[in-house]
Amino acid sequence: MPLPTVNLDDRRFDDILEEARRLIPQYCPEWTDHNASDPGIAIIEIFAWMTDLLLYRVNQVPDKLLIAFLEMIGVQLAPPRAAVAPVTLYLSAPQDTPLVIAAGTEVATLRTEVNEATVFSTERAGVIRPPTLTGLFTANTLAQVRLESEGTASAETAGAVRHDLAQLGLPGHRFPIFQPEPRPGDALFLQLADDHSEHVLALSLGVELAGGAGVNPNHPPYVWEAWQGGVGRWVPCEVEYDGTHAFNVSGELILRLPAMREGAFFDRRGYWLRCRLTNEQMHAGYKVSPDLETLQVDARGITVPARHATVVMNELLGQSTGVPGQRFRLLHGPVLNLDPDRDVVEATTAEGDTLVFTPVIDFSESGPEDRHFTLDTTSGEVAFGPSILQPDGSVYRFGAAPPPDAAVRLRRYQYGGGASGNVPARTLTVLKSSVPYVARVTNHAPAAGGRNGQQLEDALHRVPSLLRTRTRAVTADDYEFLAAQVPGVARARCVTPNMAVPGQTYPGSLRALNVPAGQVTLALLPGVSLDDLIGPDSDVTDPLSPLTGRIAPERLTLSAELRAAAQEELDLRRPVGTTLDLRAPQYVWVSVTATIRSYPGASRPAREDVRRRAMQALYGYLNPFTGGPDGRGWPFGRTLSISELYGLLRGVSGVEVAEDVQVVLTEPGQPQQRETVTGSLPLPPQALIVSDVHHVRVDH
């Protein structure tokens, strides 16, 4: 099937003839007879016919030439992007020694009659370590916070109880998991000797039945958390299986842990897990604490990131001729972006010497002795530097060539990627190679991030903006575009004097910037990773737990390094005499308190799900990265209307009506500074809305 062609000029015979007739009065006013019988019109028709033939031939320019034209101005089609998914490998039985899962372990989906298997490779090695329990404590986390703020916290003053591990399992010995009269904040702390980040841990618990009577096993009033460092950074663990039915019976509890960090609690250092009672304890919790008789901790597996890619090792490209500009083609494609440290070309001579060539984007900065190569990720073509004839008659070599008769190999590369890698959860279930002691594998979360290679039409649309701002920054759009290209900058806003609305007043301490003449003021929003946006399963009423979707204020700080990088990039583009003022946006922290009503007959768990969805909607909408009407981040300077929050909550599944919505301006860490918003919240041009703590109550 031939490649589709693009019309560089869509004019046809009739269009050309009509255009020529319109030009006659301009260039030859004495020519008045424009009838088809006139000889001059006949000549024009002949030229129109010949021009039509010429345009037809011009329109046959293939896409390959367009790609070459794009490369001449430095635009290359983006290669496919590989999807990434966390895959969990489960052991056939607990091991007594650490077990290493090698990087590059391949897992895949099931192959069917109509679909080929989708192959993923693990990005890094994983070590499954046998856990060693070194401490067990019961304490109230709320009391810890209060005493730490007073500077008097210790294992004794916080009321912490240390349990003797040597007595676990002895006949007749047991102790309360929580305090004898459980209340929110009570927690059981487990101290582990080693780092068990991303591990699957199995806790075999022997518990006394009477303690958990009346607790709903499907909605227990507690959450399992792991310590991840920072300020109060306890991160929820995923409960894969609870055979204890919320400590009602003895059984096995399987947890999937997040990343962990070493911490110090109760004057002891280690890696910590805890089971903490939430505010649900006040409504349908334990009357008395369950008693723990035995506890055993085993490692059952590990979760590692995997990439939609197949790894090829030591592929022989061919034999070198020794001349510049040699080209070789890989067996597989499209190729994913190379790792400069691992994905190198090796040229081995007959004497056994090996020369290493590293990848570069192009040969513009390569000297005659530089061992470089380029790779066309789409076609899989490996090219070495050419030699170019210079105006003075000399020949300059852009990079060294492999020696004659040397065997040329690519040490490692990955191919694959594309949207087909966005597979659903629990579909990566096939181990492509046998791994000792590993029984099965799966992905508990769907793969995400896969994208097909860039289309030619998309690259053509990028050309005007690239050419417009390639070498200089003049307009506000130029500064915003170039600043957003700096790694680490999520968005940028150029503030100009005409942006402020005359006479507009703003609540609180909000003010429009005064931009002097000759100065360019840029508000830079630093990027954050998905790890900085906390998941939706934590209890927002507990001061120790991370807040649902809330971004920590320190994550939004414009670092000196990022400011310097943006300054260096823009200094190369700005006109002489223009000064730059780079600053963080003015963050407007808002807290929403809402009362919503669910549909009649909704059960308590259903109402809790409605509340969580409403909270998730608020945190997602009032967000500088994912918020706003278009979901691409709250726009700079956009006014927030309370009426739109009513509509947002009304659109949440399970909400019948939003009865009361209040918006309060807050300052993180300063609870006394609060101001209620009425009607709408206007923002100055440099300001962004960020969610503080939201509260949603569900009536029925």
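The buried residues of helix H2 are Gly 40, Ile 41, Ile 44, Ala 48, Asp 52 and Leu 55, where buried denotes under 20% relative accessible area, exposed over 50% and partly exposed the range in between, with a 1.4 Å probe and protein chains only. Because these residues cover an arc of only 120° around the axis, they lie on the same side of H2, the arc being that of the directions from the helix axis to the C-beta atoms. The model is predicted, so that local features need pLDDT of at least 70 and side-chain atom pairs count only at pLDDT 80 or more, whereas totals for chains, interfaces and linings use all residues. Residues are numbered from 1 along each chain as its sequence is written, and side-chain values use heavy atoms, with hydrogens and water left out.

On the other side of H2, Pro 39, Phe 47, Leu 54 and Arg 57 are exposed, while the buried residues pack against helix H1 (13-27), contact being defined by heavy atoms within 4.5 Å. Helix H2 comprises 20 residues (39-58) and reaches 29 Å from its first C-alpha to its last, close to the 28 Å expected at 1.5 Å a residue; the expected span is 1.5 Å times one less than the number of residues. Helices (H or I, at least four residues) and strands (E, at least two) are DSSP runs, numbered from the N terminus. At the start of H2, a side-chain oxygen of Asp 38 comes to within 2.9 Å of the backbone nitrogen of Gly 40.

The structure holds 18 aromatic pairs, for which rings of Phe, Tyr and Trp (its six-membered ring) must have centres within 6.5 Å, with planes under 30 degrees apart counted as stacked, over 60 as edge-to-face and the rest as tilted. One of them, formed by Tyr 222 and Phe 247, is stacked, at 5.0 Å centre to centre and 25° between the planes. Tyr 222 lies in strand E11 (residues 222-227) and Phe 247 in the loop between strands E13 (238-242) and E14 (251-256), so this pair ties together parts that are 25 residues apart in sequence. Both Tyr 222 and Phe 247 are buried. The rings of Trp 234 and Phe 265 have centres 5.4 Å apart and planes at 40°, and the pair is therefore tilted.

Ring pairs also link Trp 234 and Phe 265 into a cluster with Phe 137, Phe 189, Trp 227, Phe 266 and Trp 272.

Note on methods:
Polar contact = N/O pair within 3.5 Å; in protein donor to acceptor, adjacent residues only side chain to side chain.
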